[in-house]
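I opened the notebook to look at salt bridges, surface and helices in turn. My entries follow the order in which I looked things up.

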Amino acid sequence: MSEHAIAIKDSFLQLSKKEQLELMHYFLQVLAFSDDCFVLSDEWKKELDRRDESFKNGNSKTIPLKDVLTQFGA
């Protein structure tokens, strides 16, 4: 890892949990919509399909967003 990346990581750890979540959301959007080809493996596609189906059938345990944010101090 470069010194610049280490500095970013250290700065990230000093942010509040809410700010960390917001930044992670931003990073994921950048990665998902970058010009580089972001390709999921067949295994991940199957896993996402499985989770989606489980959610739609009501078989997944879900946690309300407000509870997740509270857990992370947001």
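Is aspartate 52 buried, partly exposed or exposed? I looked up its relative accessibility and got 35%, so aspartate 52 counts as partly exposed. I note at the outset that this is a predicted model.

**Entry: helix H3**

I took helix H3 next, which covers residues 42–56. H3 has 15 residues and reaches 21 Å from its first C-alpha to its last. That is close to the 21 Å expected at 1.5 Å a residue. After H3 I found glycine 58, with a positive phi near 80°.

**Entry: salt bridges**

I counted 4 salt bridges in the structure.

Aspartate 52 has lysine 56 as a partner, with N to O at 3.1 Å. The two are 4 residues apart in helix H3, so about one helical turn separates them. I looked up lysine 56 as well: at 59% relative accessibility, it counts as exposed.

I then checked arginine 51. Its salt bridge is with glutamate 47, and the closest N and O atoms are 2.7 Å apart. Arginine 51 is partly exposed at 45% relative accessibility. Glutamate 47 is at 22% and also counts as partly exposed; the buried class needs under 20%.

Lysine 66 and aspartate 67 form another salt bridge, the closest N and O atoms being 3.6 Å apart. Lysine 66 counts as exposed at 60% relative accessibility. Aspartate 67 is partly exposed at 37%.

**Entry: nonpolar surface**

Which residues form a nonpolar patch on the surface? I listed Ile8, Met24, Tyr26, Phe27 and Val30. Together they have about 440 Å² of accessible area. I asked where the largest share comes from: helix H2, residues 17–32, supplies 4 residues. Tyrosine 26 is found in helix H2. I read its relative accessible area as 47%, so tyrosine 26 is partly exposed.

**Entry: helix H1 and a distance**

I ended with aspartate 10, which lies in helix H1, residues 3–13. Its relative accessible area is 37%, so aspartate 10 is partly exposed.

Note on methods:
Residues numbered from 1 in each chain as written. Predicted model: local features only at pLDDT ≥ 70, side-chain atom pairs only at ≥ 80, totals over all residues. Heavy atoms only, no water. Patch = residues over 30% accessible without salt bridge, like charges linked within 9 Å, V, L, I, M, F, W, Y side chains within 5 Å. Areas by Shrake-Rupley, 256 points an atom, 1.4 Å probe, with all protein chains shown as cover. Salt bridge = Lys/Arg side-chain N within 4 Å of Asp/Glu carboxyl O. Buried < 20%, exposed > 50% of the residue type's maximum accessible area, 1.4 Å probe, protein only. Expected span 1.5 Å × (residues − 1).
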